[in-house]
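Please read the points below alongside the sequence and the model.

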Amino acid sequence: MSLVVVALGGNALLRRGEPLTLEAQEANARVACRALAPLAEEHDLVITHGNGPQVGLLALRSEAYDATRPQPLDVLGAESEGMIGYLLERGLRSVMPGRPVAALLTQVSVDADDPAFGRPTKPIGPVYDEDEAHRLADERKWAITRDGEGWRRVVPSPRPRGILELETIRLLVEHGVVPICAGGGGVPVTVGIDGRVAGVDGVIDKDATAALLARQLQADLLVLLTDVDGVMLDHGSPEARVLRRVTPEALRDLELPESSMGPKAAACADFVESTGGRAAIGRLDRAAAVVRGEAGTQVEARPRPNLRPS
């Protein structure tokens, strides 16, 4: 069996414009699990996921309770990873009775002097209109950026360097378990020369961690599932179409939004260049076709002949 690492976008549990309710997330988790179950029948499967909306909501709640200091983002990330992992594990067990599934809280090491700490780029939390976003930024000393039609808070996003639970994940896969791990990019930590582990106030990009995870597990395929068909050429114009097949080099040459498709493209390019394997970006509801190479944007060192985007 081939080993496939699948990263679910934040839309897997919360679609754009939906309220941040548990009911909405449970419903979307069931949809995601139904899309993933066929993959687990044919492949060894490792699942990771985003947490941007959820960790942002937890941050708002933490800041609203003034009896204590707000919780740092590593702790909030762990909370959101546990909650989302639980929903996905419950959903997968419901559609794959008898198949072992395990949600694993995962720590990911970063460099303490990563320049990302001085340049927040990772969107978290709800989408605001421009006036509200600027008001909150002034009041709460947030950094903000445009995200689609709205604005969101952004926080530091250091580059992942190592996965502390890697051998545990590998052991689970070897024993036929479907691990749900490294959610939200994993809990960011630093590891000192003495082995001491310390939490870091930031959020790691889940696509960058998914690529690292796939490389270190020597996966055959990295799949990033989202709410769009793939990488769009001429986005927003009447000529917009999906880029079907592309090399890592050509993918890196595209100008893509840093807050959305840019990190996905970079993750796919990194994985393919370092392993010679295949990566893909596509819609969650077409997961099986994306894995087969029949949908989405397929990234390969030497793409197959049908290069024309559609």
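Predicted model: local features only at pLDDT ≥ 70, side-chain atom pairs only at ≥ 80, totals over all residues.

1. Setting aside residues up to four places away in sequence, A143 touches P120, R152, R153 and V154, where contact means heavy atoms within 4.5 Å. A143 is found in strand β6, which covers residues 143-147; helices (H or I, at least four residues) and strands (E, at least two) are DSSP runs, numbered from the N terminus. With a relative accessibility of 29%, A143 counts as partly exposed, on a scale in which buried means under 20% relative accessible area, exposed means over 50% and partly exposed lies in between (1.4 Å probe, protein chains only). The C-alpha atoms of A143 and V6 are separated by 30 Å, and these two residues are 137 residues apart along the chain.

2. Residues are numbered from 1 along each chain as its sequence is written, and side-chain values use heavy atoms, with hydrogens and water left out.

3. M261 lies in helix α8, residues 261-275, and is buried, with a relative accessible area of 11%. Leaving aside neighbours within four places in sequence, M261 is in contact with V228, G230, V231, L256 and I281. M261 and T226 are 35 residues apart in sequence, and their C-alpha atoms are 9.8 Å apart in space.

4. Two backbone positions deserve a look. K141 is not a glycine, yet has a positive phi of about 60°; K141 sits in the loop between α4 (130-140) and β6 and, at 72% relative accessibility, counts as exposed. Q218, also a residue other than glycine, has a positive phi near 55°; Q218 is placed in the loop between α6 (206-216) and β12 (221-226) and is exposed, at 66% relative accessibility.

5. How do α1 and α3 pack? Helix α1 (residues 22-42) and helix α3 (residues 73-95) meet at an angle of about 50°, with their axes 8 Å apart; axes here are lines fitted to C-alpha atoms, for helices over the stretch in contact, and angles run from 0 to 180 degrees between N-to-C directions. The two helices are therefore oblique to each other, given that angles under 35 degrees count as roughly parallel, over 145 as roughly antiparallel, 65 to 115 as roughly perpendicular and the rest as oblique. The contact is made by L22, Q25, E26, A29, C33, R34, L36 and A37 of α1 and by M83, L87, L88, R90, G91, L92 and V95 of α3. Its residues divide into 10 nonpolar, two polar and three charged, where Ala, Val, Leu, Ile, Met, Phe, Trp, Tyr, Cys and Pro count as nonpolar, Asp, Glu, Lys and Arg as charged, and the others, Gly among them, as polar.

6. Helix α2 (residues 52-64) also packs with α3, at an angle of about 125° and with the axes 9 Å apart, and α2 and α3 are therefore oblique to each other. On the α2 side Q54, V55, L58, A59 and S62 meet L73, L76, G77, E79, S80, M83 and I84 in α3. By class, this contact has seven nonpolar, four polar and one charged residues.

7. Side chains of opposite charge can pair when their charged atoms come close. The structure holds 18 salt bridges, a salt bridge being a side-chain nitrogen of Lys or Arg within 4 Å of a carboxyl oxygen of Asp or Glu. One of them joins R161 to D111, with the closest N and O atoms 3.2 Å apart. R161 lies in the loop between β7 (150-155) and β8 (162-163) and D111 in the loop between β4 (107-109) and β5 (122-128), so this pair ties together parts that are 50 residues apart in sequence. R161 is partly exposed at a relative accessible area of 45%, and D111 is partly exposed at 32%.

8. R245 forms a salt bridge with E300, the closest N and O atoms being 3.8 Å apart. Because R245 lies in strand β15 (residues 245-246) and E300 in the segment after β17 (297-299), the pair ties together parts that are 55 residues apart in sequence. Both R245 and E300 are buried.

9. Finally, R159, R252, D270 and E273 are linked in a network of salt bridges.
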